[in-house]
Number of protein chains: 2
Amino acid sequence: MRTIELKGEKVVMIDQTLLPEEVRLIECADTECIAEAIESLRIRGAPALGVAAAFALAQTALKNAHKPAQEVLSELEKTRRRIAATRPTAVNLHLALERVMNRARESPSPAEAAYREALRIYEEDLEANRRLGEHGAELLEDGDVVLTHCNTGALATASYGTALGVIVTAWRQGKRLRVFADETRPLLQGARLTAWELVQEGIPVTVITDSSAGYVMRTRGVTKVIVGADRIAANGDTANKIGTYSLAVLAREHRIPFYVAAPLSTIDPETPDGERIPVEYRGREEIEFFNGRRIVPREAEVLNPAFDVTPARYITGIITEAGVLTPPYEESIRRALEGR
Amino acid sequence: MRTIELKGEKVVMIDQTLLPEEVRLIECADTECIAEAIESLRIRGAPALGVAAAFALAQTALKNAHKPAQEVLSELEKTRRRIAATRPTAVNLHLALERVMNRARESPSPAEAAYREALRIYEEDLEANRRLGEHGAELLEDGDVVLTHCNTGALATASYGTALGVIVTAWRQGKRLRVFADETRPLLQGARLTAWELVQEGIPVTVITDSSAGYVMRTRGVTKVIVGADRIAANGDTANKIGTYSLAVLAREHRIPFYVAAPLSTIDPETPDGERIPVEYRGREEIEFFNGRRIVPREAEVLNPAFDVTPARYITGIITEAGVLTPPYEESIRRALEGR
């Protein structure tokens with residue numbers, strides 16, 4: 001199963017809003033279709049968003065390859081602007097757009113350059129996640145009970161996954177694991193997607209409400225917490241799905257190691273710390289209605305932050321394709337990025 | 001609006017599962033109807049459950065008042081057994097059943113004794129909540145930003161409410177407050193009921209997902225956390241809606257005072273500490289489906305604890321009708337119960 005693929009001029013994705021009940025593919029023939037899929041979370045997960053953004057540009061490049069270079073660049077720029085407007089926090093998306101655009105701008109054949117760079121981002125993501133999974137799996141021991149949040153599996157990336165990729169890799173190495181998956185309100189990616197992926201792998205998974213995490217840490221022998229990241233600042237402060245910060249505080253209270261798993265592409269060295277990470281607020285309807293039923297009175301306010309920021313001091317290690325980074329993160333992150 | 005009333009031989013309740021969309025009354029003519037209403041959470045909230053249990057016995061007493069004492073007692077015993085089987089953690093329910101049964105057993109006219117004692121429980125609940133609200137309101141200051149969990153308002157009691165009663169009392173005294181209400185998965189009592197009650201009062205309320213609580217404490221200037229209780233042990237350890245323990249840990253991390261508001265009837269001096277409080281596990285379908293839609297794959301496990309236990313050391317004070325109890329709780333609780 002591939003979360004996202006470029007087939008000819010079509011970008012093909014699994015519509016993740018329909019899981020676990022239905023596995024349906026969306027075939028996008030244009031930028032607007034891809035932008036809509038990103039905005040409505042049919043595709044989500046930081047690395048997958050980077051690939052989706054790159055593929056949007058690749059598609060535009062393919063469709064306009066016969067035009068003069070200036071026109072190609074102008075079409076690419078339109079696509080870039082539309083995709084950049086979809087989700088402000090996800091750094092991979094913005095970095096992927098910049099990488100592809102820079103190559104296109106520098107090249108006498110911008111269409112070809114954009115297409116090649118987009119494919120390279122895709123292949124790098126596959127390889128980074130594979131290596132990240134192997135480094136992370138070394139941290140897991142036979143018998144571990146792992147708590148995770150949101151979805152960071154194959155569905156969140158081009159393949160493999162980040163936090164969930166670590167768990168799956170360790171499981172395939174023969175380590176017996178049990179997983180608690182937070183359901184992850186409001187969009188329930190943990191219940192719908194993470195549990196679904198773990199079931200496919202045969203890994204024992206127990207779904208809990210987000211607010212049960214403290215209880216489960218206290219009473220169910222959780223030995224590790226592993227989450228993904230949407231953006232990591234230069235000092236290790238990490239933006240990830242809302243609720244991650246609460247988990248980090250709870251993990252520390254219970255002396256449970258708390259790991260972030262993310263490819264180096266998630267680290268933004270231009271963002272010095274978590275204070276500088278813009279937090280995306282999503283619409284109230286995600287909380288106000290569920291499957292068509294109103295669950296919040298019309299007159300009440302609703303606050304729906306998509307992310308929170310976990311200060312680096314709560315993070316035991318950051319699992320990347322270059323190994324597991326540990327505090328002080330300013331230093332370990334700088335070295336990892338230099339070695340890339 | 002009364003959450004529960006005894007009208008003739010009928011027990012009349014608001015069906016809380018339909019709020020906020022619809023205000024519909026259930027009229028129960030027999031024990032089974034009341035038991036079903038308790039089990040399916042049409043009525044919920046520790047104090048309201050005590051009153052519902054008492055009214056179930058009062059109803060049985062009224063219906064059998066013409067029979068000989070032995071038969072009345074035997075009918076009351078049947079009702080007691082059925083109601084006691086509904087919810088194991090809620091201490092008010094069990095204490096109310098015992099109180100009414102003891103009076104009935106001691107009396108030559110068990111029907112009359114049961115009826116009178118049930119009404120007394122109801123009136124005591126009203127009075128206890130009113131006084132509790134006043135004591136608690138003294139802790140709140142103009143400008144406070146209060147975070148609360150689940151529903152502890154008029155809907156959770158015979159009237160007034162506990163944690164929410166404190167907030168409403170302070171508001172009516174003219175203190176300007178803002179409230180963050182956790183939606184409270186899986187049954188969304190915070191989003192559906194607490195927000196609804198606050199809107200009725202005109203108090204500004206913002207609904208958040210449970211996992212946003214840490215973020216909101218960190219970034220939105222929360223000054224107090226107030227929650228209710230389903231059972232309080234002799235040492236102050238407190239069982240309350242799942243997620244309360246996580247909130248208590250987060251509150252301490254942010255140096256925010258964490259208060260429990262509950263009538264003395266919620267304290268069970270026979271339970272020495274939280275380890276001894278039985279935790280109710282509810283069915284997986286509460287998490288597995290939402291409004292008819294499957295959100296967890298069939299093959300995944302689900303863990304659905306209704307409550308968690310917050311150790312007394314996280315609790316700044318316990319607001320009761322006898323005043324605000326503070327650590328050491330063994331002593332303050334003993335004194336409060338002796339003075340009752």
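Buried area is the accessible area (1.4 Å probe) that two parts lose on being put together, summed over both. This report applies that term to the two domains of chain A.

## Basis of the model

The model is predicted: local features need pLDDT of at least 70, side-chain atom pairs count only at pLDDT 80 or more, and totals for chains, interfaces and linings use all residues. Residues are numbered from 1 along each chain as its sequence is written, chains are lettered from A and ligands numbered from 1 in the order in which they are written, and side-chain values use heavy atoms, with hydrogens and water left out.

Chain A comprises domain 1 (4-129) and domain 2 (133-339), with bounds from an automatic or database domain assignment. Their C-alpha centres lie 24 Å apart. Domain 1 contributes 27 residues to the contact and domain 2 contributes 34, where contact means heavy atoms within 4.5 Å.

About 2,500 Å² is buried between the domains, and carbon and sulfur atoms give 56% of this area. Arg44(A), Thr89(A) and Asn129(A) supply 26% of the area that domain 1 buries against domain 2, more than any other three residues.

## Salt bridge between the domains

One salt bridge is counted between domain 1 and domain 2 of chain A; the term denotes a side-chain nitrogen of Lys or Arg within 4 Å of a carboxyl oxygen of Asp or Glu. In chain A, the side chains of Glu280(A) and Arg87(A) meet in a salt bridge, at 3.2 Å from N to O.
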